[in-house]
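Please read the following briefing alongside the sequence and the model. The points are grouped by topic.

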Amino acid sequence: MTGFGKAEAALPKKKITVEIRSLNSKQLDLNLRLPSLYRQAEYEIRNMIARTVVRGKVDVFVTVESESAETSSHINKEVFAAYLRQINESLNYSGIDAAYDAILPCIMRLPDVVTSEAEAVSEEEIAALIDTTRRAIEGLDAFREQEGKVLIADLLRRVDLIESYKEEVVPYEKQRTETIKQRILDGLKNLKVDVDTNRLEQEMIFYLEKLDITEEKVRLKNHCKYFREVASSEEAVGRKLGFIAQEMGREINTLGSKANESNIQILVVKMKDELEKIKEQVLNIL
């Protein structure tokens with residue numbers, strides 16, 4: 001399920017920002033971009049996100065803005081001056097003229113010109129990072145929950161449409177039975193053969209029972225009812241709703257194979273169309 005969460009923490013000389021973005025995915029695919037300074041907190045951050053998000057393609061961005069003029073890297077002036085002096089002497093000895101803007105990049109890459117000091121991270125700073133991550137996760141969760149409500153409402157509306165199409169089948173059932181009977185009788189009449197009327201009635205009843213769709217309609221109604229119950233009363237319903245949708249599809253397919261009537265087939269196609277949309281949306285629900 002898609003979502004977005006962001007939180008910030010203001011420290012005396014820094015500002016920590018945590019952004020979390022999620023997209024649909026069957027499993028949890030977590031990509032964490034964390035400054036090396038905070039690597040000690042990576043395991044805890046990953047666990048926090050995994051407990052809440054469960055599944056999805058999740059990108060986490062942790063950025064730090066320093067408000068201090070001091071940096072962890074420093075230019076060693078004595079070493080820089082020594083290198084510059086040696087280069088000037090070498091250039092003069094060789095009779096080569098070179099501008100300082102060409103020499104400067106070379107000097108900066110030489111050993112020991114730039115030194116870095118490992119910056120210590122306090123427990124308070126790590127705690128601030130963890131708290132900021134927690135608040136970003138809460139924002140993401142709230143975003144996803146709101147989106148989930150919209151998706152559930154859309155799914156339930158489509159279930160209602162399927163049931164309404166099912167009810168529209170009823171008027172065509174009796175008409176379908178009469179049409180099938182007449183078709184069989186016309187076929188026998190064209191054959192111009194003697195027919196045992198009693199046996200014909202028995203065979204016709206047996207044939208029409210095989211085409212009866214009452215059981216399919218009842219089961220489809222029960223599946224729709226169960227779909228609503230699960231959607232409104234349980235958590236992490238995505239997979240279960242997917243299974244129920246599969247069962248609904250079986251009943252709709254059987255209803256279509258038994259229909260033997262054009263108007264019913266049209267309604268079956270409409271039900272299948274709504275069901276496919278339900279299956280697509282269910283993949284977006286946790």
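The briefing covers the fold, the overall dimensions and surface, and then selected residues.

This is a predicted model, in which local features need pLDDT of at least 70, side-chain atom pairs count only at pLDDT 80 or more, and totals for chains, interfaces and linings use all residues. Residues are numbered from 1 along each chain as its sequence is written, and side-chain values use heavy atoms, with hydrogens and water left out. The protein chain holds 8 helices and 6 strands, and its radius of gyration is 36 Å, against the value near 19 Å that a compact globule of 286 residues would have.

**Secondary structure**

- Helices (H or I, at least four residues) and strands (E, at least two) are DSSP runs numbered from the N terminus.
- Read from the N terminus, the order of elements in the protein chain is β-β-β-α-β-β-α-α-β-α-α-α-α-α.
- Helix H2, residues 77-94, has 18 residues and spans 26 Å from its first C-alpha to its last.
- That span is close to the expected 26 Å at 1.5 Å a residue, where the expectation is 1.5 Å times one less than the number of residues in the helix.
- Gly-95 follows H2 and has a positive phi, near 75°.

**Dimensions, packing and surface**

- The radius of gyration is taken over C-alpha atoms, and the globule rule is 2.2 Å times the number of residues to the power 0.38.
- Along the principal axes, the C-alpha atoms of the protein chain fill a box of roughly 125 × 50 × 25 Å.
- Buried residues make up 34% of the 286 in the protein chain; buried means under 20% relative accessible area, exposed means over 50%, and partly exposed lies in between (1.4 Å probe, protein chains only).
- Contact means heavy atoms within 4.5 Å.
- Of the contacts in the protein chain between residues at least 6 apart in sequence, 78% join residues at least 24 apart.
- The protein chain exposes about 17,900 Å², with 52% supplied by carbon and sulfur atoms; accessible areas come from the Shrake-Rupley method with a 1.4 Å probe, and for residues only the protein chains shown count as cover.
- The 43 positive and 50 negative charges of the protein chain have mean positions 6 Å apart.
- Lys and Arg count as positive and Asp and Glu as negative, while His and the chain ends are not counted; each charge is placed at NZ of Lys, CZ of Arg, CG of Asp or CD of Glu.

- Phe-227 is in helix H6, residues 214-233, and counts as buried because its relative accessible area is 0%.
- Leaving aside neighbours within four places in sequence, Phe-227 is in contact with Leu-155, Leu-156, Val-159, Leu-241, Ile-244, Met-248 and Ile-278.
- Phe-227 and Phe-243 lie 16 residues apart in sequence, with 9.7 Å between their C-alpha atoms.
- Tyr-226 also lies in H6, but is partly exposed at 38% relative accessibility.
- Not counting residues up to four places away in sequence, Tyr-226 touches Lys-240 and Ile-244.
- The C-alpha atoms of Tyr-226 and Ile-244 are 7.9 Å apart, across 18 residues of chain.

- Thr-52 is in helix H1 and is partly exposed, with 30% relative accessibility.
- Thr-52 and Leu-140 are 88 residues apart along the chain, and their C-alpha atoms are separated by 9.5 Å.
- Val-54 sits in the loop between helix H1 (42-53) and strand S4 (56-66).
- Although not a glycine, Val-54 has a positive phi of about 70°.
- Val-54 counts as partly exposed at 47% relative accessibility.
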